[in-house]
Amino acid sequence: MNERLRFIWRRLLQGIPTILLIIIACFFLLKLAPGDAAEVLAGESGAATKEYVDTLRTKFQLDKPVPVQLAAYVKNVLTLDLGYSFRQGTSVSSLIASRLVPTLLLMGAALGFAIVAGIVLGMAASNRPGGWVDQFVSVLSLLAYSMPMFWAGLMLIVVFSLRLEWFPTSGMEEVAMFHEGWTRVLDIAEHLVLPALTLSLFYLALFMRLMRAAMLEQRGMDYVVTARAKGLTERQILTRHVARNALLPIITMIGIQMGNLVGGSVIVETVFGWPGLGQLAFDSLFARDLNLLMGIFVVSAVLVVVVNILVDITYTLIDPRIKAA
Amino acid sequence: MTVGLVRAIPKWIATSLLLLAAAATAQESGGTLRMVVQPEPPTLALYRSTANPVGVVGTKIYEGLLDYDFSLNPQPALAQSWTVAEDGKSITFHLQKGVKFHDGKEFTSADVQFTLMEVLKKSHPRGQITFRDLQAVETPDPYTAVLKLAHPAPYIMRALSGYESPMIPKHLFQGTDLQTNPMANKPVGTGPFKFVEWNRGQYIRLDKNPDYWKKGQPYLDRIVMRFIGDAATRVAAVERGEVQYAGVSAVPYIEVPRLTKGKKVQATAKGNEILNPMVDIELNTTRKPFDNPKVRQALAYAMDRDFIVENIWYGFGKPATGPLHSSLKATGLYTTEGMPDYARPDRFEYAAKLLDEAGLKPNADGVRFEFTLDLIPLGQEWRRLGEYLQQAYAKVGVKMHLRYEDFPTWLRRVFVNYDFDAMTTQTFHQADPVIGTHRLYHSGSIIKGTVFVNCTGWSSPETDRLMDEATVEKDPAKRRAMYHELQRELAAAGSVIWVNELSLVTVYRNEVKDAAYSPLGTMSSFDRTWIAK
């Protein structure tokens, strides 16, 4: 256990330069985008005097040279200060904090569903390759894999909100009702279904295919023959040995896809009006609210790093041959 | 007997008609209005931003000295009466008595003085122009405010709505930084609705102000304003009834006919009479061949404006005839007299003739010249406008390329770098040309780096003089004549092509009543809006 703690600690330390590199790269990328926050604010107003834009720019500290801005930013981040969103008139950390929970909820639900359903369907499909279950699963995965996310979201809205009227079209809760307690939880769950399903479709397809392939591969291994010779039932072999080994590529994939998941949530949150980080990032990009955008990048980077550490730890739990080192 | 019956009938009819009329218009109190605001406002500081969503939220909370009817005549609001002095250099406002801010403090002339002199004149994007000649606001007593002007400024009387010039509480703002004052995002005003909470990314909640100075109003108990970033989802939310009201073209024009077909949703073009949006093409006259007025005029003719209005804006608007919006007809400033007829049947031939005269002959491929049109990225309508114009201009041998970039990039290209041939945009002309129109043509408005001002590079001493004189002219007849002259001069110059007047569309479900009762449309206070149960 002690060894494991040391491992986590070391990985966290390794994460710091990664995050710093991400900050610097993002900073310059954002600076390459033409236009700045002051112009956008003035532009949205439909009219503004030169003095107005100049005052804004001074206030936003956009009048300083870029290296100075970068140095100031990195220094602030190192002291865990993400700065101030001049556009929104509040601190970046409070904005992100209020949006982080909805995003984690959405991503967690989508990922959870994709993993569970992906594993179950993948296992079912691998049971009899070429059988009708397998056929069904491969058509399903092809569909889920190839649908553009925003389109899938809109189609789900058309079918399940407008036609069947099962789920609300958008938002995280019925805002005019101001529910509390369990009714609020249920209300949020009801709003969560369609966006989480939309976000999960791609990963569902991915995990299904991966699981099916891994199961088929593992079932041909020598240890399966050994287990069978030992007298284990087919069910025991499948769940205890084959599935356990087949899970490893899935877990690797979760780590790799984490960044993509953050990207996918931008689209899903925008389509469903889900009040998360993705939508905030989308809005602040078009407003050139760089402080806020950088803050979101930093938090996303941390999220990805943390998930990858979790993935590494999960490896060692599932497969004792892998050492946390 | 017979006589009595005959006499009785009209009376009976009249009574029942009256009853019917009463039943049809009796406002019901109570209920929550769920509306969508697009996009989410960056701030609620209406006194320093004129952005549409800020206006939509802020006007429920803050009020102005005046309201306006659909002919743009001033109506009492926080000022119950007013007099303009003979020389036009002082305007006296008599304020309503007993008006309280949402925190319980009384609204007085000191608030008027503070708002106009310290806030709007100094940091409101348009107020800095509108109140340029305002020298002082005198407050002889708490209910009288006297505006002292260096020159007559007739346009001020059209700029005092709650949207354009919101009155803010002096006691909460005096001596603070307007940018960082927490009241910016927790607004306190005198309006019919109180700010309750802003849950970023989700909604803003406003509750009825029970102490509102208009007795019995507002009718709504609550307004919840939701933010839905995706246009298709907004449409679905209206269709499903999750949202009852979507203004300022939050629903794309292309969806309006389908939505209103189901008889549960209505759409109106009313409520644009103060903003007066117009679709323009602005030409960079410092670049060839747009330095030649004949080329500019040719492009103004070579299109079918009726087609554009019907097929791109789905009938919400009408062809433009000149630099002023036709809703200014009521003020007498707008004219078609002596203006070119852009709808002439031979307009394409005429455009080709003008291009010939400008010496731009078609080459072997039939192309006279090429240029790029930078479309303002406000949605699919603008792309379609570009695609139509591409075809229309091809008819007269002009090859046009389209460029569609994101908003900050577009702003920088057009207004900071002047790196464009031509661009298309929407201009809010406002209730008076001084506030919304001069900026496109005046030499003093060619300010590099300032957005939505004269980016064409064109001006002339003659038009500058007309605008300067009209700004301070207090005789309405003379002022009209000046603007009529100005319109003809600008048409001859052709630095801006006026495509069409645009009506921002308001879509609402049937249960929402008095949804568009003011020329401010979605930016009215909603004090008269109600919901039928």
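1. In this predicted model, the centres of domain 2 and domain 3 of chain B, taken over C-alpha atoms, are separated by 34 Å. Chain B as a whole is divided into three parts: domain 1 (11-48 + 191-273 + 504-531), domain 2 (66-173) and domain 3 (277-502).

2. The two domains named above do touch. Twelve residues of domain 2 of chain B are in contact with nine residues of domain 3 of chain B. On the domain 2 side, the residues that touch domain 3 of chain B comprise six nonpolar, four polar and two charged.

3. Chain B also contains an open sheet of seven strands with mixed pairing, in the order β8-β9-β10-β1-β11-β19-β12. At its edges lie β8 (193-199) and β12 (265-268) of chain B, each of which pairs on one side only.

4. Within that sheet, strand β1 (residues 32-36) and strand β11 (residues 245-246) of chain B pair in the parallel sense, over two bridges. The bridge partner of B:Met35 in β11(B) is B:Tyr245. As a general point, strands of a sheet pair through backbone hydrogen bonds, either parallel or antiparallel.

5. Turning to chain A, the model shows twelve helices and two strands. Along the sequence, these elements follow the pattern α-α-α-α-β-β-α-α-α-α-α-α-α-α. The C-alpha trace of chain A spans about 85 × 55 × 40 Å along its principal axes.

6. Of the 325 residues in chain A, 39% are buried. Among contacts in chain A with a separation of 6 or more, 72% are between residues 24 or more positions apart.

7. After α10(A) comes A:Gly273, with a positive phi near 55°.

8. A:Ala117 is located in helix α5 (residues 92-127) of chain A. Is this residue, A:Ala117, buried, exposed or partly exposed? A:Ala117 counts as partly exposed because it has 15 C-beta neighbours inside 10 Å, whereas a buried residue needs 20 or more and an exposed one has 12 or fewer. The C-alpha atoms of A:Ala117 and A:Ala205 are separated by 9.5 Å, although these residues are 88 residues apart along the chain.

Definitions and conventions: Residues numbered from 1 in each chain as written. Chains lettered and ligands numbered in written order. Predicted model: local features only at pLDDT ≥ 70, side-chain atom pairs only at ≥ 80, totals over all residues. Helix = DSSP H or I, 4+ residues; strand = E, 2+ residues; numbered from the N terminus. Domains from an automatic or database assignment. Contact = placed C-beta atoms within 7 Å. Nonpolar A, V, L, I, M, F, W, Y, C, P; charged D, E, K, R; others polar. Pairing = 2+ DSSP bridges.
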